[in-house]
Amino acid sequence: MTRSVPPGNCPTAWRYGCSARRGLSVAAGSHNEPQAWPGLAHLLEHVLFGDSQQYRGAERLMPWTEAAGGQVNASTEAASTQFFFEVPAAALAEGVRRLVAMLALPAWSTEATMREVAVIDAEYRARGRDGDTLTEAALAWAVAEGHPLHRFCAGNRDALGARPAALQRALRAYHQRCFHAANMTLWLQGPQSEQALRAIAVVCAPTLAVRPTGPPQPVRRP
C-alpha cells in the first residue's frame, strides 16, 4: 500500500525546505516469534540494519541516511515491526531502494548476528534499571502463564546467544515466513506528486518476495 500527502501539506517544521519520509510496517512482531527464541523478532529488526546483498558498509541505509543529514529508526511491537526514515526529498528513491533491499535481501552473517545479540543484551541490562521498564515487566508477569503478554520478548544473551547456528536458522525461517510483500504496508510522504511517489514504490516492489500465505500466526496458549 502506498500513501502520500499533497505537496502543499508538507510540514514546514521539517529540516529541509521539504523533506520526504518513508515507512514500512510488517504485520509480525514479538507475539509471532517462536516460543523457543524469546527476543527473536527484536533481534531480526537489529540484524536487518546490517549489510544486505545489495548495499554494504557505508552504503547501507543507516550510514547513508545519516550522511545525507536524515534520520532512521525502527521498533518491534507485539504484532508489528516498523521501519521508517526521513531524508531530503531528492534522495527518497535511493533511500527506498536501500530499505527494501535490507528487508528483502539480508546478507545473513553469523558474526554480525552475534554482534547484535551483544547489543540487545546491553540494552536489556540498561533497561533493567529503568523504572518504567520494570513496571511493565511486573504487569506482564501478572498475566496468566501461556498468554503472549506473559512472555519475555526483549531478548538477551542467555535467550539468544548460546547456539549461533541454530539461531541463524531460526532468524532466516522467521524472516521467510513474515517478511514478504503480502505482509507489509508501505507509505511514502513528501513534496512529490502522488504519481511520482507511486512510481518509486512500483520500481522497488519486485525486490520483495510475494508469498500470500496469510497473516503469521501468533504464539498461542497451550
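Me: Is Trp-108 buried or exposed?

Reply: Buried means under 20% relative accessible area, exposed means over 50%, and partly exposed lies in between, with a 1.4 Å probe and protein chains only. Trp-108 has 16% relative accessibility, so Trp-108 counts as buried. This is a predicted model: local features need pLDDT of at least 70, side-chain atom pairs count only at pLDDT 80 or more, and totals for chains, interfaces and linings use all residues. Residues are numbered from 1 along each chain as its sequence is written, and side-chain values use heavy atoms, with hydrogens and water left out.

Me: Where does Trp-108 lie, and what is phi there?

Reply: Trp-108 lies in the loop between α3 (92–104) and α4. Its phi is near 60°, a positive value in a residue other than glycine.

Me: Which elements does the chain have, from the N terminus on?

Reply: Helices (H or I, at least four residues) and strands (E, at least two) are DSSP runs, numbered from the N terminus. The chain has eight helices and four strands. Their order is β-α-α-β-β-α-α-α-α-α-β-α.

Me: How many residues does the chain have, and what share of them is buried?

Reply: The chain has 222 residues, and 43% of them count as buried.

Me: What share of the contacts joins residues at least 24 apart?

Reply: Contact means heavy atoms within 4.5 Å. Take the contacts between residues at least 6 apart in sequence: 83% of these join residues at least 24 apart.

Me: How do I read two packed helices? At what angle do α1 and α7 pack?

Reply: Two packed helices are described by the angle between their axes and the distance between the axes. Axes are lines fitted to C-alpha atoms, for helices over the stretch in contact, and angles run from 0 to 180 degrees between N-to-C directions. α1 and α7 pack at about 85°, and their axes are 10 Å apart. That makes α1 roughly perpendicular to α7. The cut-offs are these: under 35 degrees is roughly parallel, over 145 roughly antiparallel, 65 to 115 roughly perpendicular, and the rest oblique.

Me: Which residues meet there?

Reply: From α1 come Leu-40, Ala-41, Leu-43, Leu-44 and Val-47. From α7 come Leu-167, Ala-170, Leu-171, Tyr-174 and His-175. The residues of this contact are nine nonpolar, one polar and no charged. Ala, Val, Leu, Ile, Met, Phe, Trp, Tyr, Cys and Pro count as nonpolar; Asp, Glu, Lys and Arg count as charged; the others, Gly among them, count as polar.

Me: At what angle do α4 and α7 cross?

Reply: The axes of α4 and helix α7 (residues 164–178) cross at roughly 95° and come within 10 Å. α4 is therefore roughly perpendicular to α7. Thr-110, Thr-113, Met-114 and Val-117 in α4 meet Pro-164, Leu-167, Gln-168 and Leu-171 in α7. The residues of this contact divide into five nonpolar, three polar and no charged.

Me: How do I read aromatic pairs? How many are there?

Reply: A pair of aromatic rings is described by the distance of the centres and the angle of the planes. Rings of Phe, Tyr and Trp (its six-membered ring) pair if their centres lie within 6.5 Å; planes under 30 degrees apart count as stacked, over 60 as edge-to-face and the rest as tilted. By this rule the count is three aromatic pairs. One of them joins Phe-83 and Phe-179, edge-to-face, at 6.4 Å centre to centre and 75° between the planes. Phe-83 lies in strand β3 (residues 81–88) and Phe-179 in the loop between α7 and β4 (184–189), so the pair ties together parts that are 96 residues apart in sequence. Phe-83 is buried at 1% relative accessibility, and Phe-179 is buried at 4%.

Me: Which residues form the aromatic cluster?

Reply: Phe-49, Phe-83, Tyr-174 and Phe-179 form one cluster.

Me: What joins the side chains of Ser-25 and Gln-82?

Reply: A polar contact is a pair of N or O atoms within 3.5 Å; within protein, one must be able to donate a hydrogen and the other to accept it, and residues adjacent in sequence count only if both atoms are side-chain atoms. The side chains of Ser-25 and Gln-82 make a polar contact of 3.2 Å. Ser-25 sits in strand β1 (residues 19–26). Ser-25 counts as buried, at 19% relative accessibility.

Me: Is Asp-121 buried or exposed?

Reply: Asp-121 is buried, with a relative accessible area of 5%. Asp-121 belongs to helix α4 (residues 110–127). Leaving aside neighbours within four places in sequence, Asp-121 is in contact with Asn-156 and Arg-157.
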